[in-house]
Amino acid sequence: MLTIYSDDHHLHHGKYELIDGQLTPCFEKPSRADMVLARAQKVKLGEVAAPREFGLAPILRVHDEGFVHFLKDAWTEWQAMGRDYDMLPFTWPNRRLRQTIPDCIDGKFGYYSFDAGVPITAGTWQAVSSSVNVALTGQAELAKGARGVFSLCRPPGHHAAADYMGGYCYFNNAAIAAQAMLDQGASRVAILDVDYHHGNGTQDIFYDRADVLFTSIHGDPRFEYPFFLGYADEKGEGVGRGFNFNYPLAAGSDWSAWSLALAAACRQIAAYAPDALIVSLGVDTFKEDPISQFKLDSPDYLRMGEVIGALGLQTLFVMEGGYAVEEIGINAINVLQGFDSVT
Ligand SMILES: NCCCNCCCCCC(O)(O)C(F)(F)F
Ligand SMILES: [Zn+2]
């Protein structure tokens, strides 16, 4: 399988995030992507190609213009205030507060984010732009007829909605790739989000649409981040009703429970008969993941890839989460090798 990868992700390395009331070194760090790349090369998964440049147009097909320009100019504005350390948001327009965009950068940052898990640094813009180009280059390769392509994206994207970032995500790489497929003539695209956390951003972007089917298996939002989306009763709205399927699972879920949800999601995807499938590939479902509560083991990722491969769909894998850095490469690449093993 072809892998699309850029070293530009190293330009984004936030220092701290707030976990359990403590400022903690960021779990979303450069070594994550380095380990996945190393594993792909070690097992000779296939060629590794650099991304092509696609510019702002495909990003603006999904994200709000004000949001994009805030992110583009944020670091310059922050530096102009004499601040040379990471930007972090700290206040958000909750219920019954004005949804008016302030002039002050702290107010703008809060308007365009939903949590403090999105440090902005000098290199963040370049890194997130590159991550989008990695996803779009993968999509372009798939459009040429490849059965499967791996876009090794970093930073991840599935928590980012049209006009807010959060949870280590800035631009929604998978959503941007899905929209590009539709813009190039696809009628229907299915997204399968296997990350431990619900892809609230991806769901939100396509919630009122029938041309993208969103399915997600994740930690139950009653106890797990992102808490405020991801319930099973969220089925889509308007013409999008019936094109959103959430499979929240209890803490401690292992392959036996998880694979039943995968089978259910795959039944929906097969019935939808999409032109292509995008997998938001997070492997924080792993039993040793430091911030997650599922119990999948490394061999389970081979089986996950086989089940996805059995759908017989052209598939773009877009890297999302996974924080057990020693095993992230084995687990992510196992999915791709499992997929490739299905002829
Ligand atoms: N007590 C643990 C608090 C963790 N709070 C933030 C979790 C963010 C998860 C990000 C991700 O793994 O879903 C992505 F794929 F986007 F990277
Ligand atoms: Zn996650």
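**Entry 1: cis prolines**

I started at Pro226, which sits in the loop between strand 7 (212-219) and strand 8 (244-249). I went there for the peptide bond: Tyr225 and Pro226 are joined in cis, with omega about 10°. A caveat for my own notes is that this is a predicted model.

I then looked up another cis bond, the one joining Arg154 and Pro155, where omega is about 5°. Pro155 also belongs to a loop, this one between strand 5 (148-151) and helix 6 (173-183).

**Entry 2: positive phi**

Tyr168 is not a glycine, yet I read a positive phi of about 75° for it. Is Tyr168 buried or exposed? I have it down as buried, because its relative accessible area is 12%, and the cut-off for buried is under 20%.

Next I checked Lys44, also a residue other than glycine with a positive phi, near 55°. I placed Lys44 in the loop between helix 1 (30-42) and strand 4 (48-49). Lys44 counts as exposed, because its relative accessibility is 71% and exposed means over 50%.

**Entry 3: the zinc site**

Which residues coordinate the zinc ion (ligand 2)? I found Asp195 through OD, His197 through ND1 and Asp284 through OD, at 1.9 to 2.1 Å. Along the chain, I wrote the spacing of these donors as D-x1-H-x86-D. His197 and Asp284 link distant parts of the chain, 87 residues apart. I located His197 in the loop between strand 6 (189-193) and helix 7 (200-206), and Asp284 in the loop between strand 9 (276-281) and helix 9 (298-309).

I also looked up the accessibility of that pair. His197 counts as buried at 6% relative accessibility, and Asp284 counts as buried at 0%.

**Entry 4: Leu281**

I moved to Leu281, which lies in strand 9. Leu281 is buried, with a relative accessible area of 0%. I left aside the neighbours within four places in sequence and listed its contacts, among them Phe150, Val194, Phe317, Met319, Ala332 and Leu336. I also took a C-alpha to C-alpha distance from Leu281 to Gln293: they are twelve residues apart in sequence and 17 Å apart in space.

**Entry 5: Asn133**

I picked Asn133 in helix 5 (residues 124-143). Asn133 is buried, with a relative accessible area of 4%. What is Asn133 in contact with, leaving aside its neighbours within four places in sequence? I got Pro51, Arg52, Glu53, Phe54 and Gly55.

**Entry 6: the whole chain**

I finished by zooming out. I have ten helices and ten strands in the protein chain. The radius of gyration is 19 Å, close to the 20 Å that the globule rule gives for 343 residues, so I noted the chain as being as compact as a globular protein of that length. Along the principal axes, the C-alpha atoms fill a box of roughly 55 × 45 × 40 Å.

Buried residues make up 58% of the 343 residues. I took the contacts with a separation of 6 or more, and 76% of them come from residues 24 or more positions apart. The accessible surface comes to about 13,600 Å², and carbon and sulfur atoms own 53% of that. For charges, I have 26 positive and 42 negative, and their mean positions are 3 Å apart.

Definitions and conventions:
Residues numbered from 1 in each chain as written. Chains lettered and ligands numbered in written order. Predicted model: local features only at pLDDT ≥ 70, side-chain atom pairs only at ≥ 80, totals over all residues. Heavy atoms only, no water. Donors = N, O, S within 2.8 Å, 3.2 Å for Na, K, Ca; no water. Helix = DSSP H or I, 4+ residues; strand = E, 2+ residues; numbered from the N terminus. Buried < 20%, exposed > 50% of the residue type's maximum accessible area, 1.4 Å probe, protein only. Rg over C-alpha atoms; globule rule 2.2 N^0.38 Å. Contact = heavy atoms within 4.5 Å. Areas by Shrake-Rupley, 256 points an atom, 1.4 Å probe, with all protein chains shown as cover. Lys, Arg positive; Asp, Glu negative; His and termini not counted. Charge placed at Lys NZ, Arg CZ, Asp CG, Glu CD.
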